[in-house]
Amino acid sequence: MSDDDAPVFHVGRVNRNRLTINYQSVAAKAIGLALQRVNESGWSKEEELDGLLIESKVDQATKLKVIRGTLRINSAASEIFEVLKDLNRMKEWHPKVTDVRLVSRVSETHGLSIVQFQLEGSFFADPRDFVVLRGSKTEDSVSVLASVSVIHPSATSSSSVVRATAHEMAFVVEANSEDSSTVTYITHLDMNASTLSNLFVPTEFPKALLTLKKLLK
């Protein structure tokens, strides 16, 4: 998704109710897609590490890899989901994240917010950052935290940081029992880099689930 294709919401040009409705629609679509990714077939195994299964498939529209990481964690689904939603704890379990900030709290009622986070530059000449709309939903024994890139006037930029695009970035937490859950981490990213980096780097993201598992012990 290019900047021209990304959802654009200029706060000063639309009334706040319409803005919230637009954000709700985008978030609902992202949450629905995450649930679809958990259940769909056609994935190819990338690797398996300490119980973490990493799979991929090529998205036909973007020609980029969609990555799905799945891991069983011996913690309550509600506990896992609270850690995932807490921005202040993101750097604890996602080792590639170097900075994260809340840009705007769109709707407390619907759990919508604009978040900006930055990744280390170990795989690139320059660090990458994302500006995303985050939305969450819990229904029965399944919780979803989904993010998708948007353009927001309050997001900062830097000449030393390259803006990347999250077509999909989501966590799906399913309760197996009171103290056991299955966590799925889905990423569909354009790192705004070489083809090789776009194919390789996203497979590293699901490994953050292993850090999350250790954190929750």
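1. The model is predicted, so local features need pLDDT of at least 70 and side-chain atom pairs count only at pLDDT 80 or more, while totals for chains, interfaces and linings use all residues. Residues are numbered from 1 along each chain as its sequence is written, and side-chain values use heavy atoms, with hydrogens and water left out.

2. Ser-56 lies in strand β2, residues 52-58 (strands are DSSP runs of E, at least two residues, numbered from the N terminus). With a relative accessible area of 6%, Ser-56 is buried (under 20% relative accessible area, with a 1.4 Å probe and protein chains only).

3. The side chain of Ser-56 makes a polar contact with the side chain of Glu-46 at 2.7 Å (a pair of N or O atoms within 3.5 Å, where, within protein, one must be able to donate a hydrogen and the other to accept it, and residues adjacent in sequence count only if both atoms are side-chain atoms).

4. Ser-149 belongs to strand β7, residues 142-149, and is likewise buried, at 6% relative accessibility. Its side chain reaches the backbone nitrogen of Ala-166 at 2.7 Å.

5. Strand β7 runs antiparallel to strand β9, residues 165-177, and six bridges join them (two strands pair if DSSP finds at least two bridges between them); Val-144 has Val-172 in β9 as its bridge partner.

6. Strand β9 also pairs with β10, residues 180-190, in the antiparallel sense over eleven bridges, and the two form a hairpin with two residues between them. Within this pairing, Ala-166 stands opposite Leu-189 in β10.

Key:
Helix = DSSP H or I, 4+ residues; strand = E, 2+ residues; numbered from the N terminus. Buried < 20%, exposed > 50% of the residue type's maximum accessible area, 1.4 Å probe, protein only.
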